[in-house]
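Please look through the sequence and the model below, and then follow the explanation one step at a time.

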Amino acid sequence: PEPVTTDKPPKKLLFIFFLMWFGIFFNASLSAYMLPTIIKAINDDPRIIGYILALNPLFGIIAQPLIGLWSDHIWTPVGRRAFFIIIAAPVIAICLVFMPSAAVLWQLVILVLFFEMCHDIVMGADNPLIADLIPPKHRMFTSGVIMFGSQLGAITMLSIGMGGIVDKYGDQALMNFGAAIQIAFVMIPAFFLGEKKVKKSKRPKLNVKRYVNDIWQNIPLRRLAFTN
């Protein structure tokens, strides 16, 4: 069922979404700039660096539909989407803390695997949460708030993280700061999303064939898939 329509956008949820995607994209930007440097410290082969960085889009294709499917069929005291965010966010934080101190390549690859998988889970939660919690007339504005928080998070990482913390305190300090951001801005706000249990709708079962067909029939999505 659709959420109850109101004349004003839900300010509490807008604030929570802003905080969460600020934190998510702070660490998305952090991983984009720091991971190549961290990998290079162990193995400077450009092909290896490229293969490890390619795990992000690979896990996005795999993890997001699976988590979406599972979250459609479960219910927990904190909700259904929030449950996965609350589990994934601290895993991301732990990976951030331990990545710079990985002694050998296989250790770093395992940390990157868990980081990318969990990061894709939290990053892809925006559309399901908007559909579940936001009245239709406010969804476009909510998407704008999420986009604003995302861009501000990325800019903050560059200006404060790369422009200050790394220069003064080193890579480990920035990774620790990113881990703290993940807990404070992503995990904790997810407890206050206030998801409501919804009645399951009758729809075709998701399988690999339907998933591929849905991508193929949507031309912009098809192009984006090939790009990734």
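Is the crossing of α6 and α7 left-handed or right-handed? The crossing of α6 and α7 is right-handed, a term used if the near helix is turned clockwise from the far one by less than a right angle, whereas anticlockwise gives left-handed. This is a predicted model, in which local features need pLDDT of at least 70 and side-chain atom pairs count only at pLDDT 80 or more, while totals for chains, interfaces and linings use all residues. Residues are numbered from 1 along each chain as its sequence is written, and side-chain values use heavy atoms, with hydrogens and water left out.

The axes of helix α6 (residues 126-133) and helix α7 (residues 139-169) come within 11 Å and cross at roughly 145°; helices here are DSSP runs (H or I, at least four residues) numbered from the N terminus, and axes are lines fitted to C-alpha atoms over the stretch in contact, with angles from 0 to 180 degrees between N-to-C directions. Asp-126, Ile-130 and Ala-131 of α6 meet Arg-139, Thr-142, Ser-143 and Ile-146 of α7 in this contact, where contact means heavy atoms within 4.5 Å.

Phe-18 is buried at a relative accessible area of 19%, and Phe-22 is buried at 10%, where buried means under 20% relative accessible area with a 1.4 Å probe, protein chains only. Phe-18, Phe-22, Phe-148 and Phe-185 form one aromatic cluster.

Definitions and conventions: Buried means under 20% relative accessible area, exposed over 50%, partly exposed in between (1.4 Å probe, protein chains only). Rings of Phe, Tyr and Trp (its six-membered ring) pair if their centres lie within 6.5 Å; planes under 30 degrees apart count as stacked, over 60 as edge-to-face and the rest as tilted. Helices (H or I, at least four residues) and strands (E, at least two) are DSSP runs, numbered from the N terminus.
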